[in-house]
Amino acid sequence: MSSTQVSYLVFGVVLLLAIGFDLGLLSKKGSAVTIRKALWQSVFWVALAFAFFGFMWLERGHTPALEYISAYLMEWSLSIDNIFVFILIFTFFSVPKQQYARVLLIGILLAVVFRILFITVGVVLVSRFEWILYIFGAILLITGVKIFAVKKEDEYDPQKNLVYRWMKKVLPIHTDDTSGRFTVIKDGKRFFTRVFVVIILLATTDIVFALDSIPAVFAISQNRLVIYTSNIFAVLGLRSLFFLLQGAISRFQYLQQGIAVVLIFIGLKMLAEVVHFYIPVWVSLMVIVVCLFGSILYSVQNSEKRNGNGV
């Protein structure tokens, strides 16, 4: 068995055990997730991701390991940005809090499936048409510049979501049901419920974010193992991160700018390879860490100052 096959096997086994542990021991159906439980779940998923980094270092060497952790941190930061949109979706449809965990689980598992499909298509395209990487770089550069100044409240409106508008046109939807079921029967006719709508919106919204994040990962590495594992670890940790940050997401007001700077850097890094200028992976890792955690710390510090001044 090759080193790559061993890595995939270890990743698959660890992932199945981790999902079972998360659902079986750390979660209970129909119960609200407390901050303490969310914290332990978040620590669990982050620790697991870093443990896999250690495995990658021992099994594959330092370069793939550094590429993996850089890609993971990129995906993890973009996942934090996802949470703001998820909160808007849950609030708009008035989903009962005791249903959050189940809805997020199904929506995120669907998002993982869609990401695997996206990554697979991306890998095939890049392997056949290497120049696509430069298009990815241009997209990241433009996206980074665009989101640097955009206001969060202007980013997403569930009422204007194309998928939601399409569902309202073609599907019978009954949003008054609060049972948590996917469908209900009223007057002899079957309707889809708000829970079904929210799950579809969570999964499809993640696809929109994947259009930015997956090209960014390709800029860090074209190693399939790195791309798949970093994405899946980051997305699966999103559910616990949602419960941990949902009450404090407004405190990270400058995270968006930190992400934008990283996307601009990654885009420029990818475009620089046209003239055979290559930036070492450890430099990319340092830029990602400084920009992301620097923007988080600055956001928290600025939020405390505002609160201290009574703003």
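The largest nonpolar core holds 89 residues, and Tyr68, Phe90, Phe233, Phe242 and Ile266 have the most contacts inside it. Helix α3 gives the most to this core, with 17 residues. A nonpolar core here is a set of buried Ala, Val, Leu, Ile, Met, Phe, Trp, Tyr and Cys residues joined through side-chain atoms within 4.5 Å, with buried meaning under 20% relative accessible area (1.4 Å probe, protein chains only).

This is a predicted model, where local features need pLDDT of at least 70, side-chain atom pairs count only at pLDDT 80 or more, and totals for chains, interfaces and linings use all residues. Residues are numbered from 1 along each chain as its sequence is written, and side-chain values use heavy atoms, leaving out hydrogens and water.

Back to Tyr68: leaving aside residues up to four places away in sequence, Tyr68 touches Ala49, Phe52, Phe53, Met56, Val226, Thr229, Ser230 and Phe233 (heavy atoms within 4.5 Å).

Now for the hairpin. β2 and β3 form it with two residues between them, and Asp187 in the turn has a positive phi of about 55 degrees. The strands run antiparallel, joined by four bridges (pairing takes at least two DSSP bridges). Val184 stands opposite Phe191 in β3.

| Strand | Residues |
|---|---|
| β2 | 183-186 |
| β3 | 189-193 |

Strands are DSSP runs of E, at least two residues, and helices are runs of H or I, at least four, numbered from the N terminus.

Conventions
Buried means under 20% relative accessible area, exposed over 50%, partly exposed in between (1.4 Å probe, protein chains only).
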